[in-house]
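Have the sequence and the 3D view ready, and look up each part as we come to it.

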Amino acid sequence: MRSPVVGLMRRVVLLSTRNAAESCKVIAHDLGNTEICGQPQKVVAVDPHMLDLILSLGIQPAGFAEVEAAIVSSPKLGEQMTQIKYLGDRITSNPIYMGTRNQPSLETILRLKPDLILGELGDLSLYNNLNKIAPTLFPFKNFDNYQWQQTLLKLGQAFEREPRAKQVIAEHNQRIGQVKAELANITQNSKLLLLGMSKLGTTGVLNDQTFPGALLEDLCFELVIPKQVGTDT
């Protein structure tokens, strides 16, 4: 005769398993499908674009990687950062510095034991290595027709904060409309050559597929792309 205690324990296990399965979701992206269970509590961003977006959702990072050209002083791997350039008081978690976005320290990330790793424009080998440490989400392979709104909505889905993601986009569009009206006299017939530094010592022309380029076009500036000059996307 089966013990009632054993039967009760089996029902508890089955219920727990069912609840765990129900709390899991699969996020499809350009480099694969990422299963996320529950609410990630320890999130690392190996790309500054992803860091910006999770902050807009009210999520603080446990670790971050930076673009080489934006690194201030010489931070040490595994060092807590009390301030990140241009983000000011938006960062309150003192995240761990994990290296550059092209070469993040896998050892540092491994020590952090993240629940979720977020990146962008990483190569497949980097994605595969990170995915061995924790669930990893890389929404886009490249910047072809890049739209940060798409990434934000995908992150809203991952963190179950879709209403907040939509609110951020709506507030952004509202602000764009206000600023466009304020700058109407300036933007009329204005042409801009937008330059950016993606690597130390390398300057490129930014087009409308980049965030700053798309932002300026939204404000009705016209971007100029010189002939025989490559663009930096």
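## Cysteines and a disulfide

Cys-220 is partly exposed, with a relative accessible area of 42%. Here buried means under 20% relative accessible area, exposed means over 50%, and partly exposed lies in between, using a 1.4 Å probe and protein chains only. The model you are looking at is predicted, so local features need a pLDDT of at least 70 and side-chain atom pairs count only at pLDDT 80 or more, while totals for chains, interfaces and linings use all residues. Residues are numbered from 1 along each chain as its sequence is written, and side-chain values use heavy atoms, with hydrogens and water left out.

How many disulfides are there? The count comes to one disulfide, where a disulfide is a pair of cysteine sulfur atoms within 2.5 Å. Cys-24 and Cys-37 are the partners, with 1.9 Å from S to S. Their link is right-handed, with 105 degrees about the S-S bond. Cys-24 is partly exposed at 22% relative accessible area, and Cys-37 is partly exposed at 46%.

## The five-stranded sheet

Next, find the open sheet. Five strands are arranged in the order β5-β4-β3-β6-β7, with parallel pairing. Two strands pair if DSSP finds at least two bridges between them. Strands of a sheet pair through backbone hydrogen bonds, either parallel or antiparallel. Which strands form the edges? They are β5 and β7 (136-137), each of which pairs on one side only.

Strand β4 (residues 63-66) is covered on both faces: Gly-63 and Ala-65 are buried on one side, and Phe-64 and Glu-66 are buried on the other. Strand β3 (residues 43-45) runs parallel to β4 and is joined to β4 by two bridges. Across this pairing, Ala-45 stands opposite Phe-64. To get from β3 to β4, the chain passes through helix α2 (residues 48-56), making a right-handed β-α-β crossover. Right-handed here means that, with the strands pointing away from the viewer, the path from the first strand over the helix to the second runs clockwise.

Phe-64 has Tyr-97 as its bridge partner in β5, while Glu-66 stands opposite Thr-100. Strand β5 is mostly covered, as five of its five residues are buried.

Now for β7. Strand β6 (residues 116-118) runs parallel to β7, with two bridges between them, and Ile-117 stands opposite Thr-136. Leu-116 is also in strand β6. Is Leu-116 buried or exposed? With 0% relative accessibility, Leu-116 counts as buried. From C-alpha to C-alpha, Leu-116 and Thr-136 are 5.9 Å apart in space, and they are 20 residues apart in sequence.

Another pair spans a stretch of the chain. Thr-34, in strand β2, counts as buried at 2% relative accessibility. Thr-34 and Leu-137 are 103 residues apart along the chain, yet their C-alpha atoms are separated by 6.3 Å.

## A cavity and its lining

Rolling a probe the size of a water molecule over the atoms shows where empty space is left. The structure has one cavity of 30 Å³ or more. A cavity is a set of points, on a 1 Å grid over the protein atoms alone, where a 1.4 Å probe fits but cannot get out; lining residues have an atom within 4 Å of a point. The largest cavity holds about 100 Å³ of space, where volume is the space filled by probe spheres set on the points, and grid points are joined across faces, edges and corners.

Which residues are closest to its centre? Of the eleven lining residues, they are Gln-147, Trp-148, Phe-211, Ala-214 and Leu-215. Helices α5 (148-158) and α8 (211-218) are the elements that give two or more residues to the lining, and α8 provides the largest share, with four residues.

Note on methods:
On a 1 Å grid over the protein atoms alone, a cavity is a set of points where a 1.4 Å probe fits but cannot get out, and a pocket is an open set with protein on both sides within 12 Å along at least five of seven lines; lining residues have an atom within 4 Å of a point.
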